[in-house]
Amino acid sequence: MTDTMIELEKLTKRYPGTEIPAVEDLTMGIPRGEIVVFVGPSGCGKTTSLKMINRIIEPTSGHIILDGEDVTKSDPDKLRRRIGYVIQQIGLFPHRRIGDNVATVPNLLGWDRDRTNERVNELLEIVGLDPEMYRDRYPKELSGGQRQRVGVARALAADPPVLLMDEPFGAIDPITRTRLQNEFLRLQQELQKTIVFVTHDIDEAIKMGDRIAILQERSIPAQFATPEEILTQPANQFVEDFVGSGATLKRLKLTRIRDIEIITDCLTGSVDEDARTLRDRLAASEWTGMLLLDEQKRPLRWLRAPDLDQGRSLREAGLPAKAFVEPHATLSDALEEMLLGSAGVSIVVDKHGVYQGIVDVDTIIITIQEMRDASAEFYRTAKLVDPAEVAG
Amino acid sequence: MEIASFLEFLQSDATQRTLLAETREHLIMIALPILGALVVGIALGIAAHRFRFLRGSILNMVSWFLTIPSLAFFALLIPIVGIGNTAPMTALFFYALLPIVRNTVAGLTSVDQAVVESAKGMGMGRVKRLLQIELPNAWPVILAGARVATLLLIGIAAIAAVVGGDGLGQSIYRGINRIPAGGSLEAILSGTLMIVVLAVLIDLIYLGIGRLTIPRGLRD
């Protein structure tokens, strides 16, 4: 066991008839259990680099060492069964049911039927699809987001230690994409797979990556570092240009809700209580509204004083509670939900939807302030000029 | 000839016996060539799909067969395989190849590349990929080719009677030889009618085969 799961050594791909290689001498160590994102402009060779790891594209020269073993010349089919593979177009088998799609690699490995079935059900549940409902459906009966969930389940079927993902959420609408990204990050916390993830979207890279490789043409790494480092200490002009403006906004994607102090003393009521009790409690507080929770403590409605006077059922009074975020969501997600929601705050819930607290604009502003101070501190110690000071 | 006399002709026991026997012969005459062409045609289609440099020559070759006039083709085969059903059946086999080969290539080409790549990426070998992924997905198109080939053969097989073959062509050929004697038109028409009926029936059979063999996920 080494700490490096995948070792790429001078990996080169030269297509016949072209002078300039698509990928040149790519050397990189991918740490075990981390998400490494390859990001770069289109045509930089990031997808080619990814596909050389499971030898969908055979390297012209160089070596791939997987978990200490040189697999550059080993049986490609056996190698691929140890590596989960998710692509943007998903590529589910249209003629096979969802369950059979997920069972592909277990079947190739010759698992017995019971073990495979059990695993398929488990995986569909993990990716948030009810096995009873979806196992026997066909891919065309699912939405794009659901198909990509199946794609992820299928890649994880035989519990491979390594996952290659080529723009997995690229063809999905933005709202579903954010949800899938968050779910995937939560999943990764449990699974601790070694993941190589390709995207052209720096924001997605910052959000998903434990480490980011910003690649220039011929897949030459401009910087290979953590998202924090890339945002605060870009190695060169190329990285700076690629990361682009709005670094502060981007850093909202780095901070997760579980890392900040959320508001937990928000006034709540339960559907078990009667409207009168709730109204009195609201009147006695400094709050202008309260959050109604159901029997399982899941948020239902936002209630203001007038809503409690109308004699309507509590479940229909006021405005529906929206804008839910989970603790692993980023501040950027929280901010976005906040802007979409009705109450100007995001409600933090755990994975079962149970109320944890709220995040409001002030929470986020305070966090940004802290980030700025930290950044200014960094510039001071690095004896660089703080852009804010110059402007001030 | 009047409709009434044609109906009377169709109702006679002798006519019905003849037509039924000839229909059976007709079916047998096309069944073997179709089955053979399916096996050979799909194999050629796979080869043409896999090896790009072969594609042009394979498709050209099976197209040429179809340009040979059927009567000439049947006659040319007689010195090689003799008189009777063998010559027409051999020719029918070659005629059936074009739609099957062309549709096999088209079907395999139409399979989503992402589907094939994901199969490869999961460690499915070449043969498994072909048998479990590419062919099942190409099957609706291949089956459509087989249907066209069968309908084509039903028509061409009628000419076999001229070179001594069996089938519904005999009723037609008999009629032609007796023109203008009475009953000649009836014979020609009855043979033609049965060929049309046969074609409709085979179309329905193909519909049924499609239902049974095309996976639900590929149907519209």
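Guide: The model is predicted. The largest nonpolar core has 54 residues, and those touching the most other members are Ile30(B), Ile42(B), Phe74(B), Leu92(B), Tyr95(B), Leu135(B) and Leu153(B). Two or more residues each come from helices H1 (3-11), H2 (13-50), H3 (52-67), H4 (70-81), H5 (86-110), H7 (126-156) and H9 of chain B. H5(B) gives the largest share, 13 residues.

Ile42(B) shows the packing at one position. Beyond its neighbours within four places in sequence, Ile42(B) is in contact with Ala37(B), Ile100(B), Thr104(B), Leu135(B), Trp139(B) and Ile142(B).

H9(B), which contributes to that core, spans residues 184-213 and also holds Val196(B). Val196(B) belongs to a nonpolar surface patch with Leu193(B), Val197(B), Val200(B), Leu201(B), Leu204(B) and Leu207(B), and together they have about 620 Å² of accessible area. Val196(B) has a relative accessible area of 48%, so this residue counts as partly exposed.

A second, separate core has 45 residues, including Val152(A), Leu156(A), Ala205(A) and Met208(A). Also in chain A, helix H8 covers residues 174-191 and reaches 25 Å from its first C-alpha to its last, close to the expected 26 Å. Its buried residues include Leu180(A), Phe184(A), Leu185(A) and Leu187(A), but also Gln181(A) and Asn182(A). Just after H8(A), Gln192(A) takes a positive phi of about 55°.

Note on methods: Residues numbered from 1 in each chain as written. Chains lettered and ligands numbered in written order. Predicted model: local features only at pLDDT ≥ 70, side-chain atom pairs only at ≥ 80, totals over all residues. Heavy atoms only, no water. Helix = DSSP H or I, 4+ residues; strand = E, 2+ residues; numbered from the N terminus. Expected span 1.5 Å × (residues − 1). Buried < 20%, exposed > 50% of the residue type's maximum accessible area, 1.4 Å probe, protein only. Patch = residues over 30% accessible without salt bridge, like charges linked within 9 Å, V, L, I, M, F, W, Y side chains within 5 Å. Areas by Shrake-Rupley, 256 points an atom, 1.4 Å probe, with all protein chains shown as cover. Salt bridge = Lys/Arg side-chain N within 4 Å of Asp/Glu carboxyl O. Core = buried A, V, L, I, M, F, W, Y, C linked by side-chain atoms within 4.5 Å. Contact = heavy atoms within 4.5 Å.
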